[in-house]
Amino acid sequence: MKMDKKLVKLMDIPFINIAKKDLLNNDLYPSLDKKQKCYVVTANPEIVMKTREDASYKIMVKKADYIVPDGAGIVMASKLQKEPIQERVAGYDLMLDLLAYADKHGLSCYFLGAKEHVNEKLVSKVKEKYPDLTLAGHHHGYFSIDDPSIVNDVANSNPDLIFVALGSPRQEAWITQHMDKFTKGLFMGVGGSFDVLAGEVKRAPEGWINLNLEWLYRLLKQPFRWRRILKAVEFMVRIFLKKK
């Protein structure tokens, strides 16, 4: 964690309290320009609850250089704690900003994760939308995180950005387990973002997002997510009652 930044702790998870544009312009873009290694976690209430229940996962998350508040519940909780976080930084939007920067500066990206057909579709979309970006490589997410051939393939492609869509906790486990084998690269777990960019899953309309109701839209479209919503509710209750 970059300790020179203003942080807000929620259940012992230190979120960076910074606007997305400042995070990009002052931290992530310069890190890419300098060819530094960097690890970004975009954490929502469900992830915070998972760190509370799994000590090893908490260690993986807290190894991040930047833990950004991906979820309206995180911002709401910070206000309840009277330490308001400036804004929600959606992981999907952050990924798009980084892809646009990679396209503008000819940086290379590796896309690791999702189902095979989704991964292939994603790569086609990226080539179409970001033609000047260099495709370092890509691989679907159905493999053992200990598989050395995958690590070698990614590392040998020498990417500037590595987007890992394996879902939590697998994506954080893969990054923290193998990041030391790289000399550079911005590593970011992106959950289901490949599915959205590939067009497999529709993101909430802008109006829903602006009203912080993206979670409700996703629940209506994917009712099987109700257990995840319960975790978010428990998170808010614990913050309200000041229970760790």
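1. Two strands are taken to pair if DSSP finds at least two bridges between them. Helices (H or I, at least four residues) and strands (E, at least two) are DSSP runs, numbered from the N terminus. This is a predicted model, in which local features need pLDDT of at least 70 and side-chain atom pairs count only at pLDDT 80 or more, while totals for chains, interfaces and linings use all residues. Residues are numbered from 1 along each chain as its sequence is written, and side-chain values use heavy atoms, with hydrogens and water left out.

2. The sheet is open and has six strands, in the order β4-β3-β8-β7-β5-β6, with parallel pairing. At its edges are β4 (66-69) and β6, each of which pairs on one side only. On average, neighbouring strands are turned by 15° against each other, direction ignored. Axes here are lines fitted to C-alpha atoms, for helices over the stretch in contact, and angles run from 0 to 180 degrees between N-to-C directions.

3. Strand β5 (residues 108-113) has two partners to report. With strand β6 (residues 134-139) β5 pairs in the parallel sense over five bridges, and F111 has H138 of β6 as its bridge partner.

4. How many residues of β5 are buried? Six of its six are, and the strand is mostly covered. Buried means under 20% relative accessible area, exposed over 50%, and partly exposed in between (1.4 Å probe, protein chains only).

5. From β5 the chain crosses through helix α6 (residues 116-129) to β6, a β-α-β crossover that is right-handed. That term applies if, with the strands pointing away from the viewer, the path from the first strand over the helix to the second runs clockwise. Helix α6 lies across β5 and β6 and runs at about 170° to β6.

6. At the other end of the strand order, strand β3 (residues 37-43) and β4 pair in the parallel sense over four bridges. T42 stands opposite V68 in β4.

7. Helix α2 (residues 45-53) packs on helix α3 (residues 55-62) at an angle of about 125°, with the axes 5 Å apart. The two are therefore oblique to each other; angles under 35 degrees count as roughly parallel, over 145 as roughly antiparallel, 65 to 115 as roughly perpendicular and the rest as oblique.

8. In the contact (heavy atoms within 4.5 Å), I47, K50, T51 and E53 of α2 meet A55, Y57, K58 and V61 of α3. These residues divide into four nonpolar, one polar and three charged. Ala, Val, Leu, Ile, Met, Phe, Trp, Tyr, Cys and Pro count as nonpolar, Asp, Glu, Lys and Arg as charged, and the others, Gly among them, as polar.
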